[in-house]
Amino acid sequence: MRILVTGRSGQLARALVEVPLPSGWRMVALGRREMDVTMPDRIRGGMERIGPDIVVNTAAWTDVERAEEEREEALALNRDGAAYLAEACKRRGIPLIHISTDYVFDGRKGAAYVEDDRPHPLNVYGHSKLAGEQAVMAIWERSIVLRTAWLFGPYGRNFLRRILKLAQERKMLPVVADQRGSPTCALHLAEVIVEMIRRMAEERAASRRFQGIFHAAGGGDASWHDLAVEVLRVARRLGMSVTAQVVPVRTEERSARAVRPADSRLDSSRLQEVFGLRLPCWREGVSISVQRVSRPEK
Ligand SMILES: NC(=O)c1ccc[n+]([C@@H]2O[C@H](COP(=O)([O-])OP(=O)(O)OC[C@H]3O[C@@H](n4cnc5c(N)ncnc54)[C@H](OP(=O)(O)O)[C@@H]3O)[C@@H](O)[C@H]2O)c1
């Protein structure tokens with residue numbers, strides 16, 4: 001089994017390449033320089049060189065704020081790049097796991113979202129990701145759209161690392177307390193993705209079960225404020241010098257350009273029913289991620 005991962009320097013791709021693989025399996029992650037997913041000929045070249053049996057697309061425009069101003073760039077990557085990859089996978093007859101987001105929803109349901117709920121994004125990022133999902137599903141039936149949420153972990157640009165850094169520099173940290181979601185550790189998500197691929201490889205004949213949209217988010221839910229408090233609690237327990245006080249604030253007190261859903265919790269029970277897989281609680285993810293940040297491996 002040869003797995004090709006796009007978006008090599010991103011937080012999820014970096015977590016994926018660390019997951020131990022069954023013997024004989026190989027995972028290759030390619031970055032923008034080796035395989036720019038907005039360029040079909042680069043995708044063709046990368047596919048020919050690696051010869052994958054499956055592709056995991058983690059490459060994305062993830063800057064929610066900047067997307068408001070750079071709409072075309074966000075669409076080029078999140079919609080068109082996803083479509084080019086689906087076309088390339090279809091040509092080779094191999095499955096695609098395309099990562100998407102809870103921000104395809106408007107947050108007004110009042111309960112956790114299931115896969116069949118109607119998407120209604122509130123911001124450009126959400127629109128571009130929804131357009132990518134729709135393109136992938138229309139182009140290639142052997143695709144999985146895997147929606148995750150509030151990704152954090154020891155690598156890359158993410159909320160956990162930002163909070164740890166700011167808490168060492170500032171006394172007060174205002175953090176939004178009226179948005180709820182399903183924080184997800186990138187390390188846990190990466191393990192689940194590899195396990196999904198293992199089950200897909202084992203059960204080729206029934207592969208139709210393994211198509212369509214799945215939610216894959218950490219267990220439990222939280223506000224950004226809850227997440228920040230937990231990050232600093234774990235950091236202090238590990239002896240990090242984080243002195244800042246986390247102060248709860250309301251969304252309207254922050255000057256954000258992008259409108260965000262107030263409650264974008266994801267229900268991941270379909271993943272459990274079909275694949276028998278479940279992500280651990282987000283608090284466990286915070287614990288292992290902060291440990292990794294506080295004691296980086298050599
Ligand atoms: N982060 C979250 O909170 C969150 C929440 C829900 C869903 N998701 C989804 O989860 C997936 C992974 O997110 P992440 O947080 O790991 O993202 P990330 O850390 O921002 O990484 C995205 C990667 O895409 C790469 N990339 C950018 N333009 C590219 C191009 N033209 N061709 C190839 N690669 C390109 C970037 O490379 P450079 O470093 O070279 O720019 C970066 O390594 C995405 O689909 C995202 O939408 C994320």
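Predicted model: local features only at pLDDT ≥ 70, side-chain atom pairs only at ≥ 80, totals over all residues.
The shell around the ligand comprises 25 residues, among which Gly7, Gly10, Leu12, Ala59 and Ala60 come nearest. Two elements, helix H1 (11-16) and strand E4 (96-101), each supply at least two residues of this shell. In terms of residue class, 12 members of the ligand shell are polar, nine are nonpolar and four are charged.

Two packed helices are described by the angle between their axes and the distance between the axes. For helix H4 (residues 71-92) and helix H5 (residues 124-139), the angle is about 15° and the axes lie 8 Å apart. Since angles under 35 degrees count as roughly parallel, H4 and H5 are therefore assigned to that category. Their crossing is right-handed. On the H4 side, the contact is formed by Arg71, Ala74, Leu75, Asn78, Arg79, Ala82, Ala83, Ala86, Glu87 and Lys90. These residues meet Val124, Tyr125, Ser128, Lys129, Ala131, Gly132, Ala135, Val136 and Ile139 of H5. The contact of H4 with H5 contains 11 nonpolar, five charged and three polar residues.

A second pair consists of helix H8 (residues 224-237) and helix H10 (residues 282-294), which pack at an angle of about 50° with an axis separation of 9 Å. H8 and H10 are therefore oblique to each other. The crossing of H8 past H10 is right-handed. From H8, the residues Glu230, Val231, Val234 and Ala235 take part in the contact, and their counterparts in H10 are Arg283, Val286, Ser287, Val290 and Ser294. By class, five residues of the contact of H8 with H10 are nonpolar, two are polar and two are charged.

Ser182 is located in the loop that links strand E8 (180-181) and strand E9 (184-185). A residue counts as buried when 20 or more other C-beta atoms lie within 10 Å of its own; Ser182, with 26 C-beta neighbours inside 10 Å, is therefore classed as buried. Apart from neighbours within four places in sequence, the contacts of Ser182 are Asp102, Ala149, Trp150, Ala217, Gly218, Asp221, Arg265 and Leu266. The C-alpha atom of Ser182 is also separated by 10.0 Å from that of Ser268, a residue 86 residues apart from Ser182 along the chain.

Key:
Residues numbered from 1 in each chain as written. Near = placed C-beta within 6 Å. Helix = DSSP H or I, 4+ residues; strand = E, 2+ residues; numbered from the N terminus. Nonpolar A, V, L, I, M, F, W, Y, C, P; charged D, E, K, R; others polar. Axes fitted to C-alpha atoms, helices over the stretch in contact; angles between N-to-C directions. Parallel < 35°, antiparallel > 145°, perpendicular 65-115°, else oblique. Left-handed = near helix turned anticlockwise from the far one by under 90°. Contact = placed C-beta atoms within 7 Å. Buried ≥ 20, exposed ≤ 12 C-beta atoms within 10 Å, placed from the backbone.
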